[in-house]
Amino acid sequence: MELRHLPNLITVLRILLVPPLLWLLLHERFTPALLLFVLAGVSDALDGALAKGFGWTSRLGGILDPIADKLLLVGCFLVLGLGGELPLWLMVLVIGRDLLIIIGAVAYQWLIEDLQAAPTWVSKCNTLAQLTLIFALLLNHGAWTLPPLLLHLLIYVTALLTLWSGFDYVQRWGRKARQQGRRRDGC
């Protein structure tokens, strides 16, 4: 194996961490789940640093990395939401936003042109808020008890950023689709 494939290998290993993490969450084994969650986060930072630092980026990595992130986040929100650790409305909001973005991306790719997706700053803030909320919940059940006010604040900040980033994606890509449609129509 060539070293330039190392970021993709790390991403695949991160994807393989998702099933045991979700199993641990289902069985309310929060401390080992927290360790796997942190390991997934460290691996995400490592593969990104290697890819960017050494120029080892690839189309495959550009596809696998967001898939790994979504599997981790959506899986955790689903299990924690259905397990009563998160409000169901937040679980539905987070998963609904991601489904909307996926459907929009597939439609854009199929109907308009090749999709060159790049996360926006509000989307990155949303991902950070979602990761922070899950980390805080796992930490709260494992190592430290956190103030309920902090957890509630994280829930509402995550909800706000999830809505904002969803609207941002719809507005941004809707505008791009209309512009491309006008170009094809010669307007």
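Leaving aside neighbours within four places in sequence, threonine 11 contacts Asp47, Leu64, Asp65 and Ala68, where contact means heavy atoms within 4.5 Å. The structure is a predicted model, in which local features need pLDDT of at least 70, side-chain atom pairs count only at pLDDT 80 or more, and totals for chains, interfaces and linings use all residues. Residues are numbered from 1 along each chain as its sequence is written, and side-chain values use heavy atoms, with hydrogens and water left out.

Threonine 11 lies in helix 1 (residues 6–26). Its relative accessibility is 2%, so threonine 11 counts as buried. Buried means under 20% relative accessible area, exposed over 50%, and partly exposed in between (1.4 Å probe, protein chains only). The side chains of threonine 11 and aspartate 47 are joined by a polar contact of 3.0 Å. Such a contact is a pair of N or O atoms within 3.5 Å; within protein, one must be able to donate a hydrogen and the other to accept it, and residues adjacent in sequence count only if both atoms are side-chain atoms.

The protein chain has six helices and zero strands. Helices (H or I, at least four residues) and strands (E, at least two) are DSSP runs, numbered from the N terminus. The C-alpha trace spans about 60 × 45 × 25 Å along its principal axes. Of the 187 residues in the chain, 38% are buried. Among contacts with a separation of 6 or more, 76% involve residues 24 or more positions apart.

Helix 1 packs with helix 3 (residues 59–82) at an angle of about 5°, and their axes are 9 Å apart. Axes are lines fitted to C-alpha atoms, for helices over the stretch in contact, and angles run from 0 to 180 degrees between N-to-C directions. The two helices are therefore roughly parallel to each other. Angles under 35 degrees count as roughly parallel, over 145 as roughly antiparallel, 65 to 115 as roughly perpendicular and the rest as oblique. Residues making the contact include Thr11, Ile15 and Val18 of helix 1 and Leu64, Asp65 and Ala68 of helix 3.

Glutamate 28 is found in the loop between helix 1 and helix 2. Although not a glycine, glutamate 28 has a positive phi of about 55°. Glutamate 28 is exposed, with a relative accessible area of 55%.

Helix 2 (residues 30–53) has 24 residues, which should span 34 Å at 1.5 Å a residue; its end C-alpha atoms are 34 Å apart, which agrees. The expected span is 1.5 Å times one less than the number of residues. Buried positions in helix 2 include Phe30, Phe37, Asp47 and Leu50. The buried residues of helix 2 pack against helix 1, helix 3 and helix 5. Glycine 55 follows helix 2 and has a positive phi, near 70°.

Four aromatic pairs are found in a search of the whole structure. The rings of phenylalanine 54 and tryptophan 56 are stacked, because their centres are 4.7 Å apart and their planes are at 20°. Rings of Phe, Tyr and Trp (its six-membered ring) pair if their centres lie within 6.5 Å; planes under 30 degrees apart count as stacked, over 60 as edge-to-face and the rest as tilted. Phenylalanine 54 counts as exposed, at 55% relative accessibility. The pair of tryptophan 121 and tryptophan 164 is edge-to-face, because the ring centres are 5.4 Å apart and the planes are at 90°. Tryptophan 121 lies in helix 5 (residues 121–141) and tryptophan 164 in helix 6 (residues 148–185), so this pair ties together parts 43 residues apart in sequence. Tryptophan 121 counts as exposed at 57% relative accessibility, and tryptophan 164 as partly exposed at 42%.
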